[in-house]
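Trainee: I would like to go through this model with you, starting with a hairpin and then moving to the sheet and the pockets.

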Amino acid sequence: MIVAVTVTYNAATVIFPFLNCYFAQTSVKLKLIIIDNASSDHTRNILAGIEDPRIEVVLNAHNVGVAAANNQGICMAQAMGANSVLLINNDTEFAANLFEQLDLQCTTMDADAITPAIPYFNQPDRIWYAGGTFRPLRGMIGFHLRDGQPLSVLPRHPFATDYAPTCCL
């Protein structure tokens, strides 16, 4: 079973496209954990209206930050017996086979973690992330490779990378 974890904070304007993409997924065994970090907009009202056994909603009393909320979701996913955990931003829109393809590639490559190439939202033909590395002299800040380049420069096969953002990991 794949368990996706997303963290919301004032996400009322982006949560519906995200949920539509989630509901379109082709994976058979799939669950979603939504951790809301004390949203002050209408996000909590939207989440309260979700009645789907594949979705678990947690309403944090305080904003604990994205890292702690992701960890909260990961612990819940492990308790559910997840084979794979996917961290994915709630403002993300994605293909109907994304979860299935990530799981397949992770298994095929015997990888501990995997992430897709990610284009810019407003420039879908341009790369935002397609592999990365760290810059130790800048405090181990992640650096995106191929940033701004056309999608056509991507290799046709999966490749190892040193850094991946948690927006889809």
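**Strands and pockets**

Mentor: Strand S7 (residues 132-135) and strand S8 (residues 141-144) run antiparallel and are joined by four bridges. Keep in mind that this is a predicted model.

Trainee: In the hairpin of S7 and S8, which glycine takes a positive phi?

Mentor: Start from the pairing: threonine 133 has phenylalanine 143 of S8 as its bridge partner. Between the two strands of the hairpin lie five residues. The residue with a positive phi, near 75°, is glycine 139.

Trainee: What is the bridge partner of isoleucine 34 in S3?

Mentor: Strands of a sheet pair through backbone hydrogen bonds, in parallel or antiparallel fashion. Here strand S2 (residues 30-36) runs parallel to S3, and five bridges join them. In S3, isoleucine 34 is partnered by valine 57.

Trainee: Which element supplies the largest share of the lining of the largest pocket?

Mentor: This pocket has a volume of about 1300 Å³. Of the 44 residues that line it, the closest to its centre are Thr115, Pro116, Ala117, Ile118 and Tyr129. Helix H1 (15-23), helix H4 (98-108), strand S5 (118-119) and strand S6 (127-129) each supply at least two lining residues. The largest share, four residues, comes from H4.

Trainee: How many residues of that lining are nonpolar?

Mentor: Divide the lining of the largest pocket by class. Nine residues are polar and four are charged. The nonpolar ones number 31.

Trainee: Which residues are the closest to the centre of the second largest pocket?

Mentor: The second largest pocket has a volume of about 300 Å³. S4 and H4 each supply at least two residues of its lining. Of the 16 lining residues, the closest to the centre are Ser84, Val85, Leu86, Cys106 and Asp112.

Trainee: How many charged residues does the lining of the second largest pocket have?

Mentor: By class, twelve residues of this lining are nonpolar and two are polar. The number of charged residues is two.

How values were computed. Residues are numbered from 1 along each chain as its sequence is written. This is a predicted model: local features need pLDDT of at least 70, side-chain atom pairs count only at pLDDT 80 or more; totals for chains, interfaces and linings use all residues. Side-chain values use heavy atoms; hydrogens and water are left out. Two strands pair if DSSP finds at least two bridges between them. On a 1 Å grid over the protein atoms alone, a cavity is a set of points where a 1.4 Å probe fits but cannot get out, and a pocket is an open set with protein on both sides within 12 Å along at least five of seven lines; lining residues have an atom within 4 Å of a point. Grid points are joined across faces, edges and corners, and a volume is the space filled by probe spheres set on the points. Ala, Val, Leu, Ile, Met, Phe, Trp, Tyr, Cys and Pro count as nonpolar, Asp, Glu, Lys and Arg as charged, and the others, Gly among them, as polar.
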